Amino acid sequence: MPRHVAIIMDGNGRWASKRHLPRVAGHRAGVENIRTLVSCAAKRGIAALTLFAFSSENWRRPPLEVRLLMDLFVMALDQEVQKLHENSVRLRVIGDRSLFPDKLQASIETAEGLTHNNTGLTLVIAANYGGQWDIANAARYLAGEVAAGRLTETDITPDRLATCLSASDLPFPDLFIRSGGEHRISNFMLWQLAYAELYFTECLWPDFGQAEFEQALSSYGSRQRRFGMTGDQVDGAHSSDLAASDTSGT
Ligand code: IPE
Ligand code: IPE
Ligand code: MG
């Protein structure tokens, strides 16, 4: 079972077009579907679920669609936060929220504040998020630390940089899912997905329900994660063998 699942929820627009509905109807159906997925993930004991809701590139969409997406986001947060709280879900939002309407920023803060101490599923919503933005932010922070004399250049290692990324307290995603049939990462968690198992499905996001989620989990369960080792090492290894073969020192 993966500890952390990250999902690009794609295909809302096409789901609506197929039904001769406006794109926003697809986004509404997509938000409905989040409820299903959150409850599936919680039931399966998954520790963290990260959902890509709005990318840093999505501002390029028609202004009306962007506005409707913002409105939907506020509505969904305000409506769902109490229920999430009752189910012990800890909600967090990653991405540059400074460009969001004030109302949305306020809703995010309220939701995060209310659910802060919950110990169930951690639900991370990536909004105005970009993987390159995330890495650049970490680099800028570290450059500041070096300039201030608190770190030296040699302190900047992959492990150190990873601690400066969004949601760095969570394990990296074990399983990445993209609905909607595209085979790309679209600037999602570029660093954090380095060793994720990738799962792509044609299924459009509003139709990606429990059965599809279970299928993705079962695909994940059938894979061998080798992290650079040989299959035999992973198969036959006792943890002591693995430790002995680990020359990276980590
Ligand atoms: C994903 O669905 C939702 C967002 C990007 C906000 P799309 O809106 O990208 O749906 P398609 O790809 O046009 O079908
Ligand atoms: C990626 O979907 C972002 C989200 C699902 C929020 P897009 O549909 O915007 O991705 P591209 O631009 O087609 O790759
Ligand atoms: Mg899309």
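Select ligand 1: this molecule sits in the largest pocket. A pocket here is an open set of points on a 1 Å grid over the protein atoms alone, where a 1.4 Å probe fits, with protein on both sides within 12 Å along at least five of seven lines. Sitting in one means that more than half of the molecule's atoms lie within 2 Å of the pocket's grid points.

The model is predicted: local features need pLDDT of at least 70, side-chain atom pairs count only at pLDDT 80 or more, and totals for chains, interfaces and linings use all residues. Residues are numbered from 1 along each chain as its sequence is written, chains are lettered from A and ligands numbered from 1 in the order in which they are written, and side-chain values use heavy atoms, without hydrogens and water.

**Stop 1: the shell of ligand 1**

Show the residues around ligand 1: Met9, Asp10, Gly11, Asn12, Gly13, Arg14, Arg23, His27, Ala53, Asn58, Arg61 and Leu69. A residue belongs here if one of its heavy atoms lies within 4 Å of the molecule.

Color this shell by type. Three residues are nonpolar, five polar and four charged. In this scheme Ala, Val, Leu, Ile, Met, Phe, Trp, Tyr, Cys and Pro are nonpolar; Asp, Glu, Lys and Arg are charged; the others, Gly among them, are polar.

Now switch to the cartoon. Helix H1 (12-18) and helix H2 (23-43) each supply at least two residues of the shell around ligand 1. H1 gives the largest share, three residues. Helices (H or I, at least four residues) and strands (E, at least two) are DSSP runs, numbered from the N terminus.

**Stop 2**

Draw distances from the ligand's oxygen atoms. A polar contact is a pair of N or O atoms within 3.5 Å; within protein, one must be able to donate a hydrogen and the other to accept it, and residues adjacent in sequence count only if both atoms are side-chain atoms.

- Arg14: a polar side-chain atom lies 2.7 Å from an oxygen atom of ligand 1.
- Gly13: a backbone N or O atom lies 2.9 Å from an oxygen atom of ligand 1.
- Gly11: a polar backbone atom is 3.4 Å from an oxygen atom of ligand 1.

How much of ligand 1 does the protein bury? Taken alone, ligand 1 exposes 380 Å², and the protein buries 86% of that. Accessible areas come from the Shrake-Rupley method with a 1.4 Å probe; for residues, only the protein chains shown count as cover.

**Stop 3: ligand 2**

Select ligand 2 next. The space taken by ligand 2 is the largest pocket. Around ligand 2 are Ile8, Met9, Asp10, Phe52, Ala53, Phe54, Ser55, Asn58, Arg61, Arg178, Arg184 and Ser186. This shell divides into five nonpolar, three polar and four charged residues.

Which strand gives the most to the shell around ligand 2? Strand S2 (residues 48-55) does, with four residues.

- Arg184: a polar side-chain atom lies 2.6 Å from an oxygen atom of ligand 2.
- Asp10: a polar side-chain atom lies 3.0 Å from an oxygen atom of ligand 2.
- Arg61: a polar side-chain atom lies 3.2 Å from an oxygen atom of ligand 2.

On its own, ligand 2 has 390 Å² of accessible area, and the protein covers 79% of it.

**Stop 4**

Click Asn58, in the loop between S2 and helix H3 (63-86). Is Asn58 buried or exposed? Asn58 counts as buried because its relative accessibility is 16%. Buried means under 20% relative accessible area, exposed over 50%, and partly exposed in between (1.4 Å probe, protein chains only). A polar atom of the Asn58 side chain lies 2.7 Å from the backbone nitrogen of Ser55.

Move to Ser186, in the loop between strand S5 (175-178) and strand S6 (197-200). Ser186 is partly exposed, at 29% relative accessibility. Check the backbone of Ser186: phi is near 50°, a positive value in a residue other than glycine.

**Stop 5**

Asn128 is in strand S4 (residues 122-129). Asn128 has a positive phi of about 50° although it is not a glycine. With a relative accessible area of 5%, Asn128 is buried.

Thr122 is also found in strand S4. Thr122 is buried, at 4% relative accessible area.

Finish at Leu104, in helix H4 (residues 102-115). Leu104 is buried, at 0% relative accessibility. The C-alpha atoms of Leu104 and Met75 are separated by 9.1 Å, with the two residues 29 apart along the chain.

Technical notes. 1 Å grid on protein atoms, 1.4 Å probe; cavity = no way out; pocket = protein on both sides within 12 Å on 5 of 7 lines; lining within 4 Å.
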